[in-house]
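The following questions and answers go through one structure step by step. Please look at the sequence and the structure before reading on.

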Amino acid sequence: MAPKLILTSLVIFLSLLFESTLAKHNSHTMTYIKSSCNGTLYPDLCIRCLNKFSKSNINGPQHLAHVALSVSFSRALQTRGYLLNVAKELKAIDHNNKRMYLTVQDCVNQINDSVDQLSQAIKELKRLNKFNTIINDKVLWHISNVETWVSTALTDASSCVQSFPGHRMSNSVATIKVKAKNVAEVTSNALALFQSYATRYRQAATARTSKKP
């Protein structure tokens, strides 16, 4: 067989092997995502948000929680940008509805707080990576910090949703409510995924402590 033909055949073979391995890997990652999302309050939303990461190599619950927090942070940033534009428009053209402007502005502050809290949580989770499988009080302290910040971010986003009670509202206000609700729900999912990791770690820490003489 000519060298060129041999080389072409080898390239095709390796390509098919890579695609087969990648498909298998993607299937395993997607199965893991679905299984993990079943433990959240909004599993369908969880799967949709994390589906685009199914081609990545997600290494366990801590990595999955990091991905989920990144999604939540991104949604919060997008929602904050939309809210700032709406508040700016209300301030410029609707002088007769000062109450609505103040409500939207308050919502801006709440979502902005969510952005800050999620940013802190992601940074803290990155610090956890340095410890790998080490079990000690310092790691538990970092875990507690992440839970506190994500819980606070969820509370802030939920407060924004609750700022607009009832069903009769303008299109822009309805959109604000939908976007804020989405931030709250993806943050709730991210918190559940992180707590799944945190629970396993705490159980391991308890088991290790109980074995000490």
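Q: Which residue does a disulfide join to Cys107?
A: This is a predicted model, in which local features need pLDDT of at least 70 and side-chain atom pairs count only at pLDDT 80 or more, while totals for chains, interfaces and linings use all residues. Residues are numbered from 1 along each chain as its sequence is written, and side-chain values use heavy atoms, with hydrogens and water left out. A disulfide is a pair of cysteine sulfur atoms within 2.5 Å. At 1.5 Å from S to S, the partner of Cys107 is Cys160.

Q: How many residues apart in sequence are the parts that the pair of Cys107 and Cys160 ties together?
A: Helices (H or I, at least four residues) and strands (E, at least two) are DSSP runs, numbered from the N terminus. Cys107 lies in helix H4 (residues 98-128) and Cys160 in helix H5 (residues 137-162), so the separation of the tied parts in sequence is 53 residues.

Q: Is Cys107 buried or exposed?
A: Buried means under 20% relative accessible area, exposed over 50%, and partly exposed in between (1.4 Å probe, protein chains only). Cys160 is buried, and Cys107 likewise is buried.

Q: How far apart are the sulfur atoms of Cys37 and Cys46?
A: Cys37 has 0% relative accessibility and Cys46 has 3%, so each counts as buried. Their link is left-handed, with -65° about the S-S bond. The two form a disulfide with a sulfur separation of 2.0 Å.

Q: Which pattern do the disulfides of the chain follow?
A: The count comes to two disulfides. With bonded cysteines counted along the chain, the pattern is 1-2, 3-4.

Q: Which cysteine sulfur is nearest to that of Cys49?
A: Cys49 is in no disulfide. Its relative accessibility is 7%, so Cys49 counts as buried. The nearest cysteine sulfur is 7.3 Å away and belongs to Cys46.

Q: How many helices does the chain have?
A: Read along the sequence, the pattern is α-α-α-α-α-α. There are zero strands, and the helices come to six.

Q: In which helix is confidence lowest?
A: Confidence here is pLDDT, given by the predictor for each residue from 0 to 100. The chain averages 80, and H2 has the highest mean, at 94. Over residues 4-25, pLDDT stays under 50. The lowest mean, 56, is in H1.

Conventions. Contact = heavy atoms within 4.5 Å.
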